[in-house]
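Keep the 3D view open as you read.

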Amino acid sequence: MTKQHQSWFAIVVNFFSHIKIMIWPIILGLFNIKNDGLIFLPLIVLGIFVVFIGSAWIQWLFFTFEFDDNELSVKQGIFNKKQVHVPFERIQTISRTMPFYYQPFQSVRLQIDTSGQGKPEVVFDALSLTQADIIEQKRRSAQNKKTSVEEIRPKQSISELRYHVTNRDLMLYAVTSLSGLGGFLALFTLWTQIDDILPKHLKATVTDFVNHQSMIVLSSLIVIGLFIGIVVGFFRIYNQYFDFKVLHEENHLVISRGLLARKSVQLKFSRIQAVQLRQTLLRRMVKLMSANVLLSASRDEDDKKTVLIPVVSSQKATTTLQKVLGVDDFDIKQWQPSAIKTAAWYQVRFSLLRLATMIVVLSGIVMIWLPKYWDWHILLGILIALVVVGFLILKNIMTIKDQKIGYCESAIYLQRSNGLTKEGYFITRDKIQGLNTHGLYTLAAKKATHLDIIVRDDNGGHTIRLRYVPEQTITVLNKWLFL
């Protein structure tokens, strides 16, 4: 084995990482330099540059790696030395990210995960494309030698495209994501953070400008900010899922996406614990949904969910999943009653009783501690309460209406809702970690119970909760589970 370094571009990446960490202290220091100190500003900037570039070079110099056909070995650190050995056959996920500024230098950011850890074992800041390709090839060769007896999917000799997002669907998905509100809040949060560290004279200028503007001007500024937030949110989604592709490659799925930063992730089929279909209230109107996968072991910390299909029409969701994963587990034919006939009434009643309890407690607090506000706030409180009651009734009726349970020989389909967002889960029998029932003693008289089905997600568990499920359905599911 020969020791290797990352691409020299890693020095540039590390340099800007140091700048990113120290950017606010540097800006604050420059703002507070006295007039007499301005003559030393070039020397200060030069000194900062030399320190950061020297630190980045040392970090690159003492980060070495080597590999053979069986394992990858990484050494890093000067005083606190760290050495990691990663057998290729144990690698669960390799994440490859290639931002646009990496592309001219033919470099990628590579993260390597193995099972049982909360974060990537090895992170390469900037590998050359050749080095990254060799590591991925070594990983595939090592894992192909060890064929699991539980592997049911046939290996494929070449990569095969199974899904490719269309530009029309992606734009519709970005429009219906409501990420514009998130963009507006992000801009507002950024402004509040900047506002806290601005010099007093600059902050006073901004405050004076705002105080001397009319309501129309301020409203216009808010509308402009909201529009900018919508544009930023739209571009964020479009950039994240641009040219989204899913390919089959031997016993892996290869997922690639991104416009400015191209990212590629390899997932073993054996890590997939469940497939989650998700549909927000707004996307129901345009009949779109997304599909995610719940995975065992660690994941890329930048992705809270692993997206399998970012956007697909509701009518084509099942057939698209069958094509992408190459299985027939989504052909659900046997459906069971998911809730007793009066479940919607019980759900609404429980929610309204909880709301009534909160109203009584809040009213008592206002009457005792804020009596002067009681008289003129009571009408407003009644109006708000009526709106909330109407919303809760509709929400809880939809919760029960959206609930479904179905199964075939090898898989189960569960659908639940909180009244706003609908989620469906396809789970094979061998991936179910537990089935729990619970509820108050009053449910026994109604011959119903609440049902929790647990599957593995990351290094923990994911609970799918259904309400007022008939006892007869629970009996059928227990027999199916232990066949």
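Start at A261, which, leaving aside its neighbours within four places in sequence, is in contact with T97, M98, P99, F100 and N239; contact here means heavy atoms within 4.5 Å. You will find A261 in strand β11 (residues 261-268), where helices (H or I, at least four residues) and strands (E, at least two) are DSSP runs, numbered from the N terminus. A261 has 32% relative accessibility, so it counts as partly exposed; buried means under 20% relative accessible area, exposed over 50%, and partly exposed in between (1.4 Å probe, protein chains only). From A261 to F242 the C-alpha to C-alpha distance is 9.8 Å, and the two are 19 residues apart in sequence.

A word on what you are looking at: this is a predicted model, in which local features need pLDDT of at least 70, side-chain atom pairs count only at pLDDT 80 or more, and totals for chains, interfaces and linings use all residues. Residues are numbered from 1 along each chain as its sequence is written, and side-chain values use heavy atoms, with hydrogens and water left out.

Now turn to V293, in strand β13 (residues 288-295). Its relative accessibility is 2%, so V293 counts as buried. Not counting residues up to four places away in sequence, V293 touches I272, A274, V275, T306 and L308. One of these, V275, is 18 residues from V293 in sequence, with 4.6 Å between their C-alpha atoms.

Next come the aromatic rings. A pair of aromatic rings is described by the distance of the centres and the angle of the planes. The structure holds 21 aromatic pairs; rings of Phe, Tyr and Trp (its six-membered ring) pair if their centres lie within 6.5 Å, and planes under 30 degrees apart count as stacked, over 60 as edge-to-face and the rest as tilted. Take F9 and Y102: their ring centres are 5.1 Å apart and their planes stand at 80 degrees, so this pair is edge-to-face. Because F9 belongs to helix α1 (residues 9-31) and Y102 to the loop between β5 (91-99) and β6 (107-114), the pair ties together parts that are 93 residues apart in sequence. F9 is buried at 5% relative accessibility, and Y102 is buried at 3%.

A second pair to find is Y163 with F244, whose centres are 6.1 Å apart and whose planes are at 70 degrees, so this pair is edge-to-face. Y163 sits in strand β8 (residues 160-164) and F244 in the loop between α7 (215-241) and β9 (245-249), which makes a link between distant parts of the chain, 81 residues apart. Y163 is buried with a relative accessible area of 9%, and F244 is buried with 0%. Elsewhere, ring pairs link W8, F9, F100, Y101, Y102 and F105 into a cluster.

Rings also meet charges here. The charged end of K404 sits over the ring of W335, 5.9 Å from its centre, and that of R467 sits over the ring of F350, 5.8 Å from its centre. For this, NZ of Lys or CZ of Arg must be within 6 Å of the ring centre and within 35 degrees of the ring normal.

Finish with an open sheet of 4 strands, in the order β1-β2-β3-β4 with antiparallel pairing; two strands pair if DSSP finds at least two bridges between them. Its edge strands, β1 (4-5) and β4 (82-87), each pair on one side only. Strands β2 (residues 64-67) and β3 (residues 71-76) pair in the antiparallel sense over 4 bridges, and F67 stands opposite L72 in β3.
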